[in-house]
Amino acid sequence: MHYAYPPRKSSNPPPYVPRSSRIPRLRKSHVRAIALFGLVIFGVIWLFSGGSKHGGRHTISGKPPVVLVTVFDDKNDNPLYIKNIRENRMQYAEKHGYGTLLAKSSDYNLNGSPASWSKVPAMRHALTKYPDCKYIWYLEQNAFIMNPHLKVEDYVMGASKLESTMFKDLPVVPPDSIIKTFSHLKGDDVEFVLTQDKEGLASSSFVIKNGEWAKFFLDTWFDPLYRSYNFQKAETHALEHIIQWHPTILSKLAIVPQHIINAYSSKDHGEQYKDGDIAVVFARCFGIGEKSCAKVSERFSQQWRTSFSRA
């Protein structure tokens, strides 16, 4: 007995009938509800965690207007020389209402790097200690402030002063670096003031404007990677490196004549100090002998004290 074959399927099936739209509508409503609930929860967490208190940037009041930073070498065994430098810094700061951070190189963990690197965390320390200061002036140990009448915020960092003194389109590392200072930089945009001597950038005296950029710059400079490079001049060569390779840093830099903040005690290595300059740095001085830092400082010691007593 034979059964009939089942009917053959049509080669023209009926068009696809979409599923009821009820389920997608339910899913969309669920998604919206979940998203709204999530936003509410996030808002509550943000509110109670104090997010509203920290939403804006800290407004710098400019008090004190300047913080003076000097780091002392722990190995120096001339207490009278160190005492003289401390008195110099304190008297100048007191006259103008400046803050001070007088630290020792051993105060900072350098992980085996040369002690000269300590200037960088010291500057960062100053930003933390004086969050409302406007500027920070780093002046190395082997130097005296000579002119008590000059204020950093005016004489060095004043916008009009910078416009008239900063070098534009100048090779960052003399004599022929292809990286040059910006030719269109305005005084109001400067956040880092530095000088050059006969060998390159000079980091014995410089000024930084307080703010987020300053923190970024100091953190970049102190990066363990750069400290591991073992540059011949340690932090100074690292500074030359980051200025040339980081446009964000170069764009805020003004290089000014050396006598503005970093005149040297002799003309052998750079521009020599003249009466009226704000400071004198005992460049390339030694620990002992006729060219010791203490010996070189003697001819300037009485001069700064006399100037300050008359101010």
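Start with the lining of the largest pocket: strand S1 (66-72), strand S6 (201-209), H8 and helix H10 (293-310) each supply at least two of its residues. Helices (H or I, at least four residues) and strands (E, at least two) are DSSP runs numbered from the N terminus. The model is predicted, so local features need pLDDT of at least 70 and side-chain atom pairs pLDDT 80 or more, while totals for chains, interfaces and linings use all residues. Residues are numbered from 1 along each chain as its sequence is written, and side-chain values use heavy atoms, without hydrogens and water.

The pocket holds about 1200 Å³ of space. Select Ser 116, Lys 119, Glu 140, Asn 142 and Glu 235, which are the closest to its centre among the 44 lining residues. A pocket here is an open set of points on a 1 Å grid over the protein atoms alone, where a 1.4 Å probe fits, with protein on both sides within 12 Å along at least five of seven lines; lining residues have an atom within 4 Å of a point. The volume is the space filled by probe spheres set on the points, which are joined across faces, edges and corners.

Next, select H8 (residues 234-245), which gives the lining its largest share, 5 residues. Its buried residues include Glu 235, Leu 239 and Ile 242; buried means under 20% relative accessible area, exposed over 50%, and partly exposed in between (1.4 Å probe, protein chains only).

Move to S5 (residues 192-196), where 5 of 5 residues are buried. S5 pairs with S6 in the antiparallel sense over 4 bridges, and Val 193 stands opposite Val 207 in S6. Strands pair if DSSP finds at least two bridges between them. On S7 (residues 253-255), which runs parallel to S5 and is joined to S5 by 3 bridges, Ile 255 stands opposite Leu 194.

Finally, select Asp 219 and Arg 124, a salt bridge with closest N and O atoms 3.0 Å apart. Asp 219 lies in helix H6 (residues 212-221) and Arg 124 in helix H3 (residues 119-129), so the pair ties together parts 95 residues apart in sequence. A salt bridge is a side-chain nitrogen of Lys or Arg within 4 Å of a carboxyl oxygen of Asp or Glu.

Lys 252 and Glu 191 form another salt bridge, at 3.9 Å from N to O. Glu 191 is buried at 15% relative accessible area, whereas Lys 252 is partly exposed at 22%.
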